[in-house]
Amino acid sequence: MDLLNAIVALLNFVVIPATAYGAQLALGALGVTLIYGILRFSNFAHGDTMALGTGFVILFTWWLQSMGLSFGPLPTAFLALPLGIALTAAVVLLTDRSVYRFYRKQKAAPVILVIVSMGVMFVMNGVTRFVIGVDEIRFADGAKFLINANDFKAATGLAEGLAFKASQAQTIVTAVAVVALLFWFLNKTRTGKSMRAYSDNEDLALLSGISPERVVAVTWIIASGLAVIAGTLYGLDKSFKAFNYFQLLLPIFASAIVGGLGSPLGAIAGGFLIAFSEVGFTYAWKKVATYVLPESLAPDGLAQLLSTDYKFAVSFAILIVVLLFKPTGLFKGKSV
Amino acid sequence: MKKLLAATASVALIAGAASAEDIKIGVVLGFTGPLESITPAMGAAAELAMKEVTDSGKLLGGSTVTSVRGDSTCVDAAAATAAAERVVTTDKVSAIMGADCSGVTGAILSNVAVPNGIVMVSPSATSPALSTAEDNGLFFRTAPSDARQGEVVTDILKEKGIGSIAISYTNNDYGKGLAESIQRNFEAAGGTVTISAAHEDGKADYSAEVGALASAGGDVLVVAGYVDQGGSGVVRAAIDTGAFSTFYFPDGMVGQKLNENFGAELNGSYGAYPGTDSQGAAMFKDLAGAAGIDGTSAFAPESYDAAALIMLAMAAAGSSNSADFSGKIMDLANAPGEKIYPGELAKALDLIAAGTEIDYEGASAVELVGPGESKGNYQEILFADGVYSTVNYR
């Protein structure tokens, strides 16, 4: 019974939240890694692309709701997602046309493009605040729980409750589907193959007749799709606040770099690694330990390695360790 | 010789009382900054009391009282000190009604009020640290210290038979002070505080914070935060994960937003926030309403009372000099004596002139304790059917 309680507590406070968070990070990191692999620069504007895209999705969600449309037990935001992605992709393509293309033509060094992307980040940051505001917005509707903590307690008779939010399940399912689709696209379709070819060797790809502008455009569209999906899932699961997406930038980059920049598989692994480390390091293990260990060994303190305030420090520490000892990341991406 | 002295003294007293003057009182509040939405009503309430006294013509032989406003900014101690310095040295105010936030109040007190010997009455600073500040008997407040709130919290929890609590507080002076006060009182009463952890405002997700709180356990989660900020986030995560089902809400958390955000999910939870059922509150609401001020706005009643106490103390001392009247404030605010409510300042001045003791109740049922701070009246709330309602006054 005690062991069961320990497992349930662990699932409730560590495994389920970290898995959902990891899936959100993985989707974000995939976008970053894709841009890095093909356009060859770290796109600092990714976090704010997420915020802007989620803002659009929220606006479309309100519009759909005002027309009386809903998606049954699923959030209306899922209906609004394609519209949000289309609009965001349009904005991002316009940005590429007006800003990035100029520097690409000049064959600017990656570090210049990074600075340029920071400029884009600040502009998008401001635009997002103008469009949707700075307040906290909750736009999740539909069913809230798959498993409710109190119902679970009543049904099983355990002391610990298990909560599985619908938004967490949606996040995990959507992430799996999106990742499967992306890998199929990159590995099986002609456009996907040309993107990989362009990423591996730009000159050879150009020689074999691949249109660089087309590859760039498709990359931006996919990256903004990933950003909007990741941002919307994060917003549904937690809440939307424009500034929070800016703060997500650090764990997202940590995920991409830990996995190996340019490696899609690495981005996913990195996302989960960062998420589980953040949650694991800041979780107070007292409860689980008390259930599992014999009474004499049970901790008096909270058995918490780091205060929750230092969540982001965990990303930083992992990032530094990886850069020091394995700069190409776990999955042998391009070196930074 | 004795007779002569007594005669000269009484002549001097009469002469002093008879010479009408223009008394200035500084109203130093955060007219810009985080409290700018409530300070206009606070300032207007204080000026309402000044107008009432001026119109009566009964203070110190028909003296008039005018207000001099200064901006405390609520957060910038240097700017607040400069503003207070200006009203004291340039405008020559006799007393300061203010400041509002605890941090700037302490700064003005030690940098301006004490060096210049000026009485200062704050309507809204609640930090326990101000109770022990070096004030030479010049500082008073018509707001209760959060130390008092810690006692109220402990009383309520003990009455409900709660043995252990977890505390989550917002990471600033208010949250930290309140959390410490609650912990100290609760532990002194024999209770156990399993954890007292800070949360940062403005985050999207508080499940990690709640994970730590849940691991520590406790019968009730005390959320010493803001309802518009992280406090609601912590409650949300705690309900979603089933970590806690009963909550205690201190003053920063009680608001309409709680009903909107959670509704029936909070049934059975409780809390307390400042408030009184005394007739003064209702009278002040009408009085302020007639003057176009929202009398229920936060700390507006306390502001009226702060200004009124300053002027009544001047009348009782027969002088507008801070050194003379600072000692009178405690006597006037507390029993025994005839009770004085808002709108009755003229009557109070008459009674003082006649030598009758008064007990100033005012708009917020003022009773000053300890180093000259409001004893504090709290209304206890309970959630039932998705809304909270006041069940008790203490």
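View 1. Helix α7 spans residues 190-200 of chain A, and its buried residues are M195(A), Y198(A) and S199(A). They cover an arc of only 100° around the axis, so they sit on the same side of α7(A). R190(A) and D200(A), on the other side of α7(A), are exposed.

**View 2. Strand β5 of chain B is enclosed.** The strand covers residues 139-144 of chain B. Six of its six residues are buried, so β5(B) is largely enclosed by the rest of the structure. Strand β4 (residues 119-122) of chain B runs parallel to β5(B), joined to it by three bridges. Here M120(B) stands opposite F139(B). Strand β14 (residues 373-374) of chain B also pairs with β5(B) in the parallel sense, over two bridges. In that pairing P144(B) faces S374(B) as its opposite residue.

View 3. Strand β6(B) takes in residues 164-170. It is mostly covered, with six of its seven residues buried. Seven bridges join β6(B) to β7(B), residues 192-199, and the two run parallel. Y169(B) stands opposite A198(B) in this pair. With β8(B), residues 220-224, strand β6(B) forms five bridges, again in the parallel sense. There, I165(B) is set opposite V220(B). Strands of a sheet pair through backbone hydrogen bonds, either parallel or antiparallel.

**View 4. Seven strands of chain B form an open sheet.** Their order is β7-β6-β8-β9-β10-β15-β16, and the pairing is mixed. β7(B) and β16(B), residues 387-393, stand at the edges. Each has a single partner strand, so one side of each is left without a neighbour in the sheet. Direction ignored, neighbouring strands of this sheet are turned by 25° against each other on average. In a regular strand the side chains alternate between the two faces of the sheet.

**View 5. Strands β10 and β15 of chain B run antiparallel.** Strand β10(B) spans residues 270-274 and β15(B) spans residues 378-384. Five bridges join them. One pair of bridge partners is A272(B) and E380(B).

View 6. Helix α8(B), residues 230-240, lies across β6, β7, β8 and β9 of chain B. This helix runs at about 160° to β8(B).

View 7. The chain averages a pLDDT of 87, and 95% of its residues score at least 70. Residues 11-18 of chain B stay under 50. For this stretch the model has seven contacts beyond four places in sequence. Where pLDDT is low, the predicted coordinates should not be read in detail. For the complex, the predictor gives an ipTM of 0.82 and a pTM of 0.78.

Technical notes. Residues are numbered from 1 along each chain as its sequence is written. Chains are lettered from A and ligands numbered from 1 in the order in which they are written. This is a predicted model: local features need pLDDT of at least 70, side-chain atom pairs count only at pLDDT 80 or more; totals for chains, interfaces and linings use all residues. A residue is buried if 20 or more other C-beta atoms lie within 10 Å of its own, exposed if 12 or fewer, and partly exposed in between; C-beta atoms are placed from the backbone. Helices (H or I, at least four residues) and strands (E, at least two) are DSSP runs, numbered from the N terminus. Two strands pair if DSSP finds at least two bridges between them. Axes are lines fitted to C-alpha atoms, for helices over the stretch in contact, and angles run from 0 to 180 degrees between N-to-C directions. Two residues are in contact if their C-beta atoms, placed from the backbone, lie within 7 Å. pLDDT is the predictor's confidence in each residue, from 0 to 100. The arc is that of the directions from the helix axis to the C-beta atoms.
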